Amino acid sequence: MIPNEDRQFPAALAAAMAVRLDCIGEDGVDFEPYESFLTADETTDWLRSWTGNSDLTGDDFRVFGQDGTGGYAAFWLIRPGRELAEQPVVFMGSEGETGVVARDLGTFLWLLADGFGPWEAAAFYEPEPDWTPRVNEDLAAIAEQHAPACHASAATIVAQAAQEFPDFDDTIMGLCR
């Protein structure tokens, strides 16, 4: 079990989020990272608001950023006994969109390096018409340092995540009231 009190980013995520903070508004990626995870109370408030279900807690999520409309990127703590870096990264949009965008932190780093944010990955098959992903060399260096064995294209990363967790949307919608 991952302690609920632990809200510090793993080193690899902290490094990537520092680079992303410098890129906001410059690369067309709609992703605003936080400097630490939302608190347990903030995560619970968000999940209850998103689902309309006041019985839920946010214990299964670690939120680390958002898109411009308020959709959240988070680790989904679905793999019992596994470290945070081994948990899938999900996106839950402000308009009800959901998606597992990466199987774990290592693949998420390569997704970022390939020029995608969580929203772009969740909307992979319906991107904005004028948006083109651009490789970010600084993020690629971080991915290479922390997850060299996970190197893959954004399309492969998103497809593998969707294949491993095909029921994510149904699971989340099942929590809604």
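Which residue follows α1, and what is its phi? α1 is followed by G25, whose phi is positive, near 80°.

The model is predicted: local features need pLDDT of at least 70, side-chain atom pairs count only at pLDDT 80 or more, and totals for chains, interfaces and linings use all residues. Residues are numbered from 1 along each chain as its sequence is written, and side-chain values use heavy atoms, with hydrogens and water left out.

View 1. Helix α1 runs over residues 11–23. Helices (H or I, at least four residues) and strands (E, at least two) are DSSP runs, numbered from the N terminus. The 13 residues of α1 should span 18 Å at 1.5 Å a residue, and the end C-alpha atoms are 19 Å apart, which agrees. The expected span is 1.5 Å times one less than the number of residues. In α1, A12, L13, A16, M17, V19, R20 and C23 are buried. They cover an arc of only 160° around the axis, which puts them on the same side of α1. That arc is taken from the directions from the helix axis to the C-beta atoms. An α-helix has 3.6 residues a turn, so residues three or four places apart point the same way. On the other side of α1, A11 and D22 are exposed. Buried means under 20% relative accessible area, exposed over 50%, and partly exposed in between (1.4 Å probe, protein chains only). What covers the buried residues of α1? The cover includes β1 (32–33), β2, β3, α3 (105–113) and α5 (137–146).

**View 2. Helix α3 is largely enclosed.** Nine of the nine residues of α3 are buried, so the rest of the structure largely encloses this helix. Among them are L105, F108, W110 and L112. At the start of α3, a side-chain oxygen of D104 comes within 3.3 Å of the backbone nitrogen of G106. Just after α3, G115 has a positive phi of about 95°.

**View 3. D67 is buried without a salt bridge.** D67 sits in the loop between β2 (61–66) and β3 (72–76). D67 is buried, yet has no salt bridge. A salt bridge is a side-chain nitrogen of Lys or Arg within 4 Å of a carboxyl oxygen of Asp or Glu. The nearest side chain of opposite charge, R20, is 12 Å away. Here Lys and Arg count as positive and Asp and Glu as negative, while His and the chain ends are not counted. The D67 side chain makes a polar contact with the side chain of T69, at 3.1 Å. A polar contact is a pair of N or O atoms within 3.5 Å; within protein, one must be able to donate a hydrogen and the other to accept it, and residues adjacent in sequence count only if both atoms are side-chain atoms. A polar atom of the D67 side chain also lies 2.6 Å from the backbone nitrogen of G71. Leaving out residues up to four places away in sequence, D67 touches D30, E32, F91 and W119. Contact means heavy atoms within 4.5 Å.

View 4. How many salt bridges does the structure hold? The structure holds three. The side chains of E164 and R79 meet in one of them (2.5 Å, N to O). E164 lies in helix α6 (residues 154–164) and R79 in the loop between β3 and β4 (89–92), so the pair ties together parts that are 85 residues apart in sequence. E164 also forms a salt bridge with R103, with the closest N and O atoms 2.5 Å apart. This pair links distant parts of the chain, as R103 is in the loop between β5 (98–102) and α3, 61 residues from E164. R79 counts as buried, at 11% relative accessibility. E164 counts as partly exposed, at 32%. R103 also counts as partly exposed, at 30%.

**View 5. E86 pairs with R82.** E86 forms a salt bridge with R82, the closest N and O atoms being 2.9 Å apart. E86 is partly exposed at 30% relative accessibility, and R82 is partly exposed at 37%.
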